[in-house]
Amino acid sequence: MAKAMTSTGEAAATLERYGLTDDQLRAIFRNMLLQRQLDNRGFQLNRQGKIPFALGSEGHEAIQAGAAMAFKRGHDILAPYYRDLGLAVGIGFTPLEVLLSLFARAADHNGGRQFPNHYSSRKIGMMSFSSILAAQIPHAVGAAYAIALRKETGRAVLVTFGDGTTSEGEWHESLNFAAVHKLPIVFLCENNQWAISTPLHQQMGQPHVYKRAEGYGLPGESFNGFDPLATYDAVRRAMERARSGSGPSLIEGTCYRFLSHSTDDDDRTYRTREEVEKQRAMDPVPRFEKILIENSILVAQDADALKKDVLRETNEATDAAEAMPFPEAKDLYTNLYEGAWEPWQ
Amino acid sequence: MAVASPSKVMTNVEAVRSTLYDALKRDDKAVILGEDVGNRGNVFLITKGFIEEFGPERIIDTPIAEASIVGIAVGMAMEGLRPIAEIQFADFIYPAFNQIVGEAAKTRYRSNGEYTCPMVIRTPYGGGVRGALSHSVSVEALFYHVPGLKIVVPSTPRDIKGLLNAAIEDPDPVLFLEHKRTYRLIKDDVPDEYFTIPIGKANITQEGTQLTVVSYGLYAHQSLEAARKLQDENLSVEVIDLRSVRPMDRNAILDSVRKTHKLLIIHEDNKFGGVGAEISAMVAEEALFELDAPIRRLCCPDVPAMGYALPLEEEYMISTDRMAEEMRAMVRF
C-alpha cells in the first residue's frame, strides 16, 4: 500500500484496496474529512471563547478511519482513548454527539461531566474511560475476558492508545494477562511520536512499540499510520484473528500529532516548525483524496461536495448543540451510586 | 414452639469461604481473580477446591500484578460479569490505588450511569499476627475518603456472610476488608439460608447508658469484651460495631451519643486522618451540645505499621485492658 500512497501516475494500477468497495473507500475518506472538520471546530470554539478546552487528533485521521472500517458495529467493543475522535465517529458516534461533548451539554452521554473527547456510548459498544493513561487497557482486557467466558464467538475488543501510554505499568500488565489467556483483543498503538512534549527517544529505548509483542508471545506488526488502507488491513486481520479465538495482537501505526497536545498546550515550546512542516507534507487527508481521484474512485467535484457536506454537518451540529442546555447544578449529585443515597455533608 | 432455622458454627475465614462458594454456585457471572486463588486455593485456603469445581475460567490465578487484577475486574464488571477480585494482603493494594479510586469508584459517575462497576475487592488486613510492616496494615482511611466506593469491615462470621452477600449483589464497587486476626479467632453461629445485611448499617453489640464506644474489625470484639468487664463495676457502656465505614451509619452513632453523652472511638488504623477523625468531626458538628466530655480516640500510633519483633507489635496494638481503662476514665469524667 505504501506504493500506492507514494506513487502518482501508476497509482491506478497498484492501488491495493483490501477488498473494500468504492463506497467503503469513499466512506473512509469522508470520515477523514469529518474528523478534520470536527477537530478544527473544537479549536475554533475554544479560540472564540465558547468552550474552555479542546483536544486535537489531527494527523490521526488515516489510522482512525481505517481502524473504524475494521470494527464490526453491534459486535465488537471499542475501548478508546482521548485522541480517538475519528474512531468514535467512524463507528457511529454522531457529529452532534461530538459537539455535545465539546459544549458539555446535558444531553452529552456523560452529561457534561467529562472533558471533551472522552466519549462513551453503551449503544455502539464504546466503553467509558478517564484521562488516566493506560487505565482503560485492563478494562478492555476484562471486557475481552467476559466475551471469552461467555463463549461469544465473532466478537472482539479493540483497545487504542498512544505511544505515551505504553510506558505505564498497566499497559504491560494488560498485554501480559491477555497473552496468557489468549483473549479476543487487539492492542492498537497510534504512535504519534510525542507524549505531550516528550519525544519517542525519551520514552523508549527503541522506537517501535510493536516489537515488544514478541516478549509477550504475541504477533506484532507495524504499518504506516498515515495510510488508511494499510491500517484497515492490519486491524482487520488482527480483529479477525481475535474474533476467531486465535488470541491477541499488538499492532502499531506511525502517525503524527500535527497540533499541540490540547488548546492549553503550545508545541512551539518543545518542537521545531521544520519537524512539523516535514510531517505536514505527508498529511494523510489530501494524500488519500489524491489517490482516490487518481484511481477514479472519486472525481474532484465529488471531493469538493463531500467537503461542503461535512462542513454543513459540522455547522448544523454546532448550532444544535450550542442551543441545548447545560446540565443543572443539581445534576452534580446524580449517578454516584445506584438509587438514593445520603451524601455525608 | 419455634423451630430454630438451621445454622452452623463457623470461623470468620470459613464464613468467607462458604459465602464465596454459594455465590459461585448461584451465579455463573461470578468469577474470582487474584494471586494464588486457584491452584493454591488462596493463602488462607479460602478458595481451596474452587478451581476443581468451578474451573480455571472462573477461578483465575493472575500474574502478580495488583493494578490489573483490579483493572481487569473493572472491565469485566462494565461488560456484565460479577468479578470478585482478591488482593492477597491489603498491604499489596497500593499499586491498584488508581484502579480503585480513579476508575472503579468513578465509572458510574463519569459515564452518568451509562456504565457501572458492580464488583467486590476482598482483602485481608490488620495486625496482631506477626505480619510485620507489609502484612499487617489497615487501609480503610486511604479509601474511605472516596465517593463512589463502599467499604465494609465486618467482624463476625454472620456479618461476613450477610455483608459479603450484599457486596456481591451491590450494583457498585465494594471494598471488603477482612481482619486476618479474626479469621480463626472468631467463631459463631451462621444461618444456612441466604441473607444479606445492608451495607452502611452498624450493629449495636451492647446497649449502655454512660458511654458510646464506636469500633470495627478486631477491636469491635475487644471493645465489647472490655465493656462487659466494666459491667461488673456497674459501668454501662454502649458498643457499636460499625461494620461499614462508607457509607457510615451516622444515625446509629448520633442516636447513641444523644443517649450516653460521651463518645470513645477505637480503631487499629493510626489516629491522624483515620475513620475516628471523621466520626468526631461529625459528632462535633451535629451533637456538640449533647456531649458531657471531650470526644476521645484510642487508635494505634502514628507510625507506618507494627514491627515484626514481638515488643514492637505489642506496643503498636491496643490491649483489651487499655480499652477498659480508657472507658473507665471516660465514664468517670
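Predicted model: local features only at pLDDT ≥ 70, side-chain atom pairs only at ≥ 80, totals over all residues.
Select helix 9 (residues 218-231) of chain B and helix 13 (residues 320-332) of chain B: their axes cross at roughly 55 degrees and come within 8 Å. That angle makes helix 9 of chain B oblique to helix 13 of chain B. The crossing of these two chain B helices is right-handed.

Now show side chains. Helix 9 of chain B brings Tyr219(B), Gln222(B), Ser223(B), Glu225(B), Ala226(B), Ala227(B), Lys229(B) and Leu230(B) to the contact. From helix 13 of chain B come Thr320(B), Asp321(B), Met323(B), Ala324(B), Met327(B) and Arg328(B). Color by class: seven residues of this contact are nonpolar, three polar and four charged.

Next, move to chain A. Select helix 3 (residues 22-47) of chain A and helix 13 (residues 300-322) of chain A, which pack at an angle of about 40 degrees with axes 9 Å apart. The two are therefore oblique to each other. Helix 3 of chain A and helix 13 of chain A make a right-handed crossing.

Pick out the contact residues. On helix 3 of chain A they include Phe29(A), Leu33(A), Arg41(A) and Leu45(A). On helix 13 of chain A, look for Leu306(A), Lys307(A), Asp309(A) and Glu313(A), among others. By class, the contact of helix 3 with helix 13 in chain A has nine nonpolar, four polar and five charged residues.

Last stop: helix 4 (residues 61-69) of chain A. How many of its nine residues are buried? Eight are, leaving helix 4 of chain A mostly covered. Select Glu61(A), Ala62(A), Ile63(A), Gln64(A), Ala65(A), Gly66(A), Ala67(A) and Ala68(A) to see the buried residues.

Key: Residues numbered from 1 in each chain as written. Chains lettered and ligands numbered in written order. Heavy atoms only, no water. Axes fitted to C-alpha atoms, helices over the stretch in contact; angles between N-to-C directions. Helix = DSSP H or I, 4+ residues; strand = E, 2+ residues; numbered from the N terminus. Parallel < 35°, antiparallel > 145°, perpendicular 65-115°, else oblique. Left-handed = near helix turned anticlockwise from the far one by under 90°. Contact = heavy atoms within 4.5 Å. Nonpolar A, V, L, I, M, F, W, Y, C, P; charged D, E, K, R; others polar. Buried < 20%, exposed > 50% of the residue type's maximum accessible area, 1.4 Å probe, protein only.
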